[in-house]
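Please look over the sequence and the structure shown here before reading on.

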Amino acid sequence: MADADRATATPVAVVTTCATRDEALRIAHALVERRLAACVQLSAIDSVYRWDGKVQQEPEVRLVVKTLDARYGEVERAIRELHPYALPQIVAVRLDHALSAYADWIVAECTAEGAADGTGG
């Protein structure tokens with residue numbers, strides 16, 4: 001990939017959480033099927049937070065969504081559409097340092113390029 005192309009296709013990791021694995025899987029599948037994400041990783045976590053004036057502790061499932069900075073708005077809209085929480089965590093971290101071939105794969109899977117060449121992931 002040319003340097004100019006990479007500058008406009010910066011990989012990012014978008015993080016959100018769900019209360020159940022089923023909710024997380026539903027969102028993960030929708031994002032990958034819509035080509036908004038190359039990959040979504042799920043992991044069980046414990047969250048401690050303040051909500052409605054009280055400290056809460058709940059098990060959750062964290063989703064780490066590998067996508068492109070240019071697709072962040074679409075990813076955020078899709079998560080908000082699919083998410084059951086009133087206020088879901090949706091944050092993104094730029095992946096400035098990533099294995100070049102892995103970054104290229106994210107680009108391919110989140111663009112028409114991946115759909116055209118039939119590659120999968």
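Helices (H or I, at least four residues) and strands (E, at least two) are DSSP runs, numbered from the N terminus. This is a predicted model, in which local features need pLDDT of at least 70 and side-chain atom pairs count only at pLDDT 80 or more, while totals for chains, interfaces and linings use all residues. Residues are numbered from 1 along each chain as its sequence is written, and side-chain values use heavy atoms, with hydrogens and water left out.

**The chain as a whole**

The protein chain has five helices and four strands, and, read along the sequence, these follow the pattern α-β-α-β-β-α-β-α-α. A residue is called buried under 20% relative accessible area, exposed over 50%, and partly exposed in between, using a 1.4 Å probe and protein chains only. By this rule, 38% of the 121 residues of the protein chain count as buried. Two residues are in contact when they have heavy atoms within 4.5 Å. Among contacts in the protein chain between residues at least 6 apart in sequence, 72% join residues at least 24 apart.

**The nonpolar cores**

In soluble globular proteins, nonpolar side chains tend to be buried together. A nonpolar core is here a set of buried Ala, Val, Leu, Ile, Met, Phe, Trp, Tyr and Cys residues joined through side-chain atoms within 4.5 Å. The largest nonpolar core has 20 residues, and those with the most contacts inside it are Val14, Leu31, Leu63 and Val65. The elements that give two or more residues to this core are S1, helix H2 (21–33), strand S3 (54–68) and helix H3 (72–82). A second, separate core of six residues includes Ala9, Leu68, Ile106 and Val107. Leaving aside residues up to four places away in sequence, Val14 touches Leu63, Val64, Val65, Thr67, Tyr72, Val75, Ile79, Ile90, Val91 and Ala92.

**The aromatic pair**

Rings of Phe, Tyr and Trp (its six-membered ring) pair if their centres lie within 6.5 Å, and planes under 30 degrees apart count as stacked, over 60 as edge-to-face and the rest as tilted. The structure holds one aromatic pair. Tyr102 and Trp105 form this pair, which is tilted, with 5.6 Å centre to centre and 35° between the planes. Why are Tyr102 and Trp105 separated by about one helical turn? They are so placed because they are three residues apart in helix H4 (residues 100–109). Trp105 also touches Cys39, a residue of strand S2. Cys39 and Trp105 are 66 residues apart in sequence, and 10.0 Å apart in space, C-alpha to C-alpha.

**Residues in the loops**

Thr10 is found in the loop between helix H1 (3–8) and strand S1 (11–18), and, not counting residues up to four places away in sequence, Thr10 touches Thr67, Leu68, Asp69, Arg94 and Asp96. Arg71 has its place in the loop between S3 and H3, and among the residues that Arg71 touches are Arg34, Arg35 and Cys110. Arg71 and Arg35 are 36 residues apart in sequence and 9.7 Å apart in space, C-alpha to C-alpha.

Most residues other than glycine have a negative phi, and most peptide bonds are trans. Arg35, in the loop between H2 and S2, has a positive phi near 60°, and Asp52, in the loop between S2 and S3, has a positive phi near 55°. The table gathers the accessibility of several residues discussed above.

| Residue | Relative accessible area | Class |
|---|---|---|
| Thr10 | 10% | buried |
| Arg71 | 16% | buried |
| Arg35 | 22% | partly exposed |
| Trp105 | 22% | partly exposed |
| Tyr102 | 32% | partly exposed |
| Asp52 | 66% | exposed |

**The largest pocket**

On a 1 Å grid over the protein atoms alone, a pocket is an open set of points where a 1.4 Å probe fits, with protein on both sides within 12 Å along at least five of seven lines, and lining residues have an atom within 4 Å of a point. Grid points are joined across faces, edges and corners, and a volume is the space filled by probe spheres set on the points. The largest pocket has a volume of about 330 Å³. Its lining is made by 13 residues, of which Thr17, Tyr49, Glu60, Tyr85 and Leu87 lie nearest its centre, and the elements that give two or more residues to the lining are strand S2 (39–51) and S3.
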